[in-house]
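Hello,

Here is the structure I promised to pass on to you.

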4 protein chains.
Amino acid sequence: MAGSTFGKLFRVTTWGESHGTGIGAVVDGCPAGLPLNEEIVQQYLNRRKPGQTKYSTPRKEDDLVQIQSGVFEGKTTGTPISMVVFNQTQRSKDYSEIANYYRPGHADYTFDQKYGFRDYRGGGRSSGRETIGRVAGGAVAEEVLKSLGIEVYAYSQSIAGIAIDDTRAKRENIAKSPLFMPDLEASAQAEDRLAEKMAEQNSAGGIVECVVRGLPAGVGEPVFDKLDALLAQSVMSIGAVKGVEIGDGFGAADSFGSEFNDSFRMDGEKVVKATNHAGGILGGISDGSDVRLRAAIKPTPSIAREQQTVNRDGEDIAIGIRGRHDPIIVPRAVVVVESMVAMTVLDLLLQSMTSQLEGIRRHFDRN
Amino acid sequence: MAGSTFGKLFRVTTWGESHGTGIGAVVDGCPAGLPLNEEIVQQYLNRRKPGQTKYSTPRKEDDLVQIQSGVFEGKTTGTPISMVVFNQTQRSKDYSEIANYYRPGHADYTFDQKYGFRDYRGGGRSSGRETIGRVAGGAVAEEVLKSLGIEVYAYSQSIAGIAIDDTRAKRENIAKSPLFMPDLEASAQAEDRLAEKMAEQNSAGGIVECVVRGLPAGVGEPVFDKLDALLAQSVMSIGAVKGVEIGDGFGAADSFGSEFNDSFRMDGEKVVKATNHAGGILGGISDGSDVRLRAAIKPTPSIAREQQTVNRDGEDIAIGIRGRHDPIIVPRAVVVVESMVAMTVLDLLLQSMTSQLEGIRRHFDRN
Amino acid sequence: MAGSTFGKLFRVTTWGESHGTGIGAVVDGCPAGLPLNEEIVQQYLNRRKPGQTKYSTPRKEDDLVQIQSGVFEGKTTGTPISMVVFNQTQRSKDYSEIANYYRPGHADYTFDQKYGFRDYRGGGRSSGRETIGRVAGGAVAEEVLKSLGIEVYAYSQSIAGIAIDDTRAKRENIAKSPLFMPDLEASAQAEDRLAEKMAEQNSAGGIVECVVRGLPAGVGEPVFDKLDALLAQSVMSIGAVKGVEIGDGFGAADSFGSEFNDSFRMDGEKVVKATNHAGGILGGISDGSDVRLRAAIKPTPSIAREQQTVNRDGEDIAIGIRGRHDPIIVPRAVVVVESMVAMTVLDLLLQSMTSQLEGIRRHFDRN
Amino acid sequence: MAGSTFGKLFRVTTWGESHGTGIGAVVDGCPAGLPLNEEIVQQYLNRRKPGQTKYSTPRKEDDLVQIQSGVFEGKTTGTPISMVVFNQTQRSKDYSEIANYYRPGHADYTFDQKYGFRDYRGGGRSSGRETIGRVAGGAVAEEVLKSLGIEVYAYSQSIAGIAIDDTRAKRENIAKSPLFMPDLEASAQAEDRLAEKMAEQNSAGGIVECVVRGLPAGVGEPVFDKLDALLAQSVMSIGAVKGVEIGDGFGAADSFGSEFNDSFRMDGEKVVKATNHAGGILGGISDGSDVRLRAAIKPTPSIAREQQTVNRDGEDIAIGIRGRHDPIIVPRAVVVVESMVAMTVLDLLLQSMTSQLEGIRRHFDRN
């Protein structure tokens, strides 16, 4: 499992299980001189914290981050930044039952197949708590991007089949919606739909949309480390994501060249695009317009309803998963998607600094 | 652009421009002892060759591959396998006009922004010919997988808005359809639709579906190098792909836990799943059932119809792209998607050999 | 500084500064099923602990390791293993003076040049305490190797110009010598020499030798990731190391082909070498005999004697470095060299499992 | 053998066997805008060409390089640069005898052990011809460095036990000596010594020294990708190298702190060092003075004298290696060491551009 590191110049390594000592991230390659402290990172982590609304599990987890290295006198030093959120409750007894069977939609079976056994407590490494490391790493990336005038934001585009209406969507609504939907009308409808599903002991899925604004043209490293390719990897690597699309995405498959191509035009001295079906990426390289992507999030796999499965003794059994689980992952996944996008964009932005000899020469001339 | 290498243990590096000397791939990390020769690789390359049907450009390109290293007495030696397809025609004159403007939907603008200038002949490095390197590398990967009993195959799932009907689809039909659709009725309809679009000097998009059969459970390296994550990267890195989904993909976003979760059940001594909404991957690790993914392919950007754009002098202009271009990329992309999937699966399969200490011990005990 | 991760399949990421919260290591890619606990790792760390003899600083640091993830019910789970040693004393006042000048032989100047400023407390990231992370990671690697019958051991080959006599050297003496020299006579002489140097407020250097026994032939990935090449990187990356040699090393430069070439001969059914000038590596690949390397360690840069340097205001000054510092780094570096060698060998050993298609086939047939 | 790629931002992948189609290198990540053509690269390759003096094999090999991609209108485009030297003679008959036994000092045995069989013709991938790829890649790196005012040069420091005298050594002498020694008196003595050894059908070793001049302070990525660490890897990866040392290297082991530490002092407004025992690197980061390293080169393993070995049938045999072989590798290794150093330094120089947030901000502000 040497797959816990993401990035080349800005690299995030995460560790930790749901019921171990804690969840951590080591950010290596953060440029020196960035103002950083625990309060800043905590703002990001609070957005994924459970127990805030009725749509997330009422477990009380403060999830307070500690910065253990790489920051001195309020600024990053260029050395690895270790961050940790210690787990507060490690009650293993709640999970003793699931040790012996495979929950549908979870990674219990595949972990057992891959590693021979697993830390079954709360999903272990495949728990949703793993995303704490992603958000901590993403927080640092996003702070670097902000300091360069690049903004990343995400929201719920669709919940339980209720999609936002772009004409009603406003960015300032995101924080007002308990589901982080920028269209409050859609948000209210989605709340009703979720209430139904909760009553049926069921769960729902949805779509997260993410926008990167202010990214200069020229970011992305063809032919395998294209901007869209690495965004697809990083976002698909989030636990419940089953699909990623850039710009019109699957809509492009049903469209025609005359509709899908974005025309260029001059806006004063600047080259702009009349439309943005491409989602801000051409040939795997940012084109200066907004980068837009969507991630499909599956329904929460843990449901109280009876499900069929097998146990480790090879018997067919029926189970109902006890405990309080989020009926929907999407709202808490919003900041996770944003985090992965921020890491990816920053890493490729840094790489793009060496694309032209002229830019390198100017860098070292000045220094 | 140090992004031309894919993979960790099985690594493919590609090079070459549309109108340079040729297109090549260096496969590093191919296990020794695999029977390989030019005829074998050529079979794969022939599937992406242009000029075979009326839906692909009638340019005559033989695209014959040469193996330059890494094979001795008919078998791979474990050293890097260099393969090249020399370009036969390098007529630059056809492309002189496009040197000065940015074709909508192409990477002309972003390459200029990133690198300061570009090899404008036929799209240079961002030409569709770049995929020759992918297919050559994928051919080697697929041969290794076959020798281990693992099969990868792909086909057109939807063309110009006409999707296959799963009840009619048969794998043996793929080769019979000029569009590589396994449902011949849908294929015929799609041909009609394409004829319309060609008459309108327009182009169309579609969806490629790919299946991996026989992959053991346990492949994929959480949390960033999950099987689905790296499949998303590798497939999204193909020129015209705008979206990737695993299993039900975006359909999962609109479904509910009770529908989407795949139940486990015993089939004799074997654990199987009753359904496969997850597309063969749980927690980023293969579960032993078919891996299924879909890639959304945009319409061919080169169309003869008039389009608006700008030139390098900063003027708004109107253009019509001359020359013969494929009205649809999808059929030729089928083998490219298959190739990227094969590389990705093989690389992670090799990595999975070290997941358990017991497996490592047995390996070295025997040797 | 995205250079804090070493390895491809067995990857170690370290973090931490001398006077921050602690020093840590995240081991990713450790195979599942290895018995591991804090006591095991502590044994390795104790070998680099200061304050044990008069040749190391009398600072009392317990340096107790905590394992925070990746181990469940006494065995590694295959997920990242986070280990941390919390710093006990973080008295910054001792180091306030050095904030303003550049100590000769230290990284103060280069850190300032690279990052614009530095965590000056105790050397920050470039402190010798950084090696705690290496030893923690190396401990895990060495445990895996032991379980496969591969032994790694190191010792002081030369201290302050006194080299061991190979005819007197015995492995069991290593632990008996306060300087970890296998030749107790040389050890006693070196102690005398060190006493002299300490009296002169000076410091001394030396050579660490490391042996890998039981490594199968076939380990190393030409042409850049050869076994000797990655050993050179990993050992040279240790703070005070200025040179690395394999087998006869620099002695080879003065020898002739007829002397240096190791003859092969049959020992029963086994191919062996009559001599081992090559140090167990041919063409960058292990040949089945002992791997032998030596690392040159510079004298401790912190000395009480007056030295010339400059301060941050650009003035020439004279300094004497206060505090208690080891007069010799070599004995405490022994386990650090051993750790880096263990990590390197294990990583390449795992990679070598995929060298032959036949070995891969057998692996998956059995599973 | 996925070890044929070196570097992170400036990456070189090499391929090819002694008696296959040719030897090649793919340079990925070369910044766009560098003037490059075949004549430029050829200058570097000519320095390793055999048959130039009596100390290298009289085989006639023109070794003409072709650039196949990544250069357009005389400048690099930022896309991968594929270079190839086609092998002119592929006479396999000369080598049929060695197919069956293991030459002492060669990689025949280890390749067989690792891969199960080998391309035995002329050493296959482990032939000295493999270094053509290194020099082609290094040529591009060195051109980039030159354009930034950074110079890399190397020479023979010692041959067959005859070392240069630093007081007599002059850089302009290097090209005048058939052995590339900057001290012509030592060069003449070494020639005599070599003549003796040739008469005895023996071979000799030596030391190559390399200097990097003009490198700014701040290059190197602690703690594993330090400048000295990656130099050690890259230089040790060259076929015949058995040791690498930085600055005083192994001499440091016998020196004392008061001698070895380099004092800083002000030279006008500039911080300089009074001496350079450290070889231009402190804490793994360049300090602005000359980087200096030495590589120990073993004697040519192919000698005509009788040697003992075994064959593949497990029999002890005596052999004499026929054909004309260089009695000394050192002179031809000079440009190879220089090439590896250039690649390494450039890759880390590019990485160092992202060390400070301020430098990143200025880069994107200007663009």
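**Salt bridges within the chains**

In chain B, Glu185(B) and Arg168(B) join their side chains in a salt bridge, with N and O 3.2 Å apart. (A salt bridge here is a side-chain nitrogen of Lys or Arg within 4 Å of a carboxyl oxygen of Asp or Glu.) The pair links distant parts of the chain, 17 residues apart: Glu185(B) sits in helix H4 (residues 184–199) of chain B, and Arg168(B) in the loop between strand E9 (162–163) and H4 of chain B. Helices (H or I, at least four residues) and strands (E, at least two) are DSSP runs, numbered from the N terminus.

Before going further, a word on the conventions: this is a predicted model, in which local features need pLDDT of at least 70 and side-chain atom pairs count only at pLDDT 80 or more, while totals for chains, interfaces and linings use all residues. Residues are numbered from 1 along each chain as its sequence is written, chains are lettered from A and ligands numbered from 1 in the order in which they are written, and side-chain values use heavy atoms, with hydrogens and water left out.

(Buried means under 20% relative accessible area, exposed over 50%, and partly exposed in between, with a 1.4 Å probe and protein chains only.)

Another salt bridge in chain B connects Arg118(B) and Asp112(B), at 3.3 Å from N to O. Here Arg118(B) is buried, with a relative accessible area of 6%, and Asp112(B) is buried at 6% as well.

In chain D, Arg103(D) forms a salt bridge with Asp108(D), whose closest N and O atoms are 2.8 Å apart. Arg103(D) counts as buried at 6% relative accessibility, and Asp108(D) counts as buried at 3%. In chain A, salt bridges that share partners tie Arg103(A), Asp108(A), Asp112(A), Arg118(A) and Arg312(A) into one network. Over all chains, the count comes to 97 salt bridges.

**Where chain C meets chain D**

Here 104 residues of chain C are in contact with 104 residues of chain D, contact meaning heavy atoms within 4.5 Å. Together the two chains bury about 8,000 Å², 62% of it on carbon and sulfur atoms. (Buried area is the accessible area, with a 1.4 Å probe, that two parts lose on being put together, summed over both.) Lys114(C), Phe224(C) and Lys242(C) supply 11% of the area that chain C buries against chain D, more than any other three residues.

How are chain C and chain D related? A rotation of 180° with 0.0 Å of shift along its axis superposes chain C on chain D, with an RMSD of 0.0 Å. That is the relation of a two-fold axis. Copies are superposed by least squares on the C-alpha atoms of residues with pLDDT of at least 70 in both. In chain C, the C-alpha nearest the axis belongs to Gln233(C), 2.3 Å from it.

**Where chain A meets chain C**

At this interface, 43 residues of chain A are in contact with 43 residues of chain C. The two chains bury about 3,100 Å² between them, 61% of it on carbon and sulfur atoms. Gln68(A), Phe72(A) and Phe117(A) supply 20% of the area that chain A buries against chain C, more than any other three residues. There are zero salt bridges between chain A and chain C, but twelve residue pairs are in polar contact (both at pLDDT 80 or more).

Chain A can be laid on chain C by a turn of 180° and a shift of 0.0 Å along the axis, with an RMSD of 0.0 Å. Thr13(A) comes closest to that rotation axis among the residues of chain A, at 3.9 Å (C-alpha).

Happy browsing!

How values were computed:
Polar contact = N/O pair within 3.5 Å; in protein donor to acceptor, adjacent residues only side chain to side chain.
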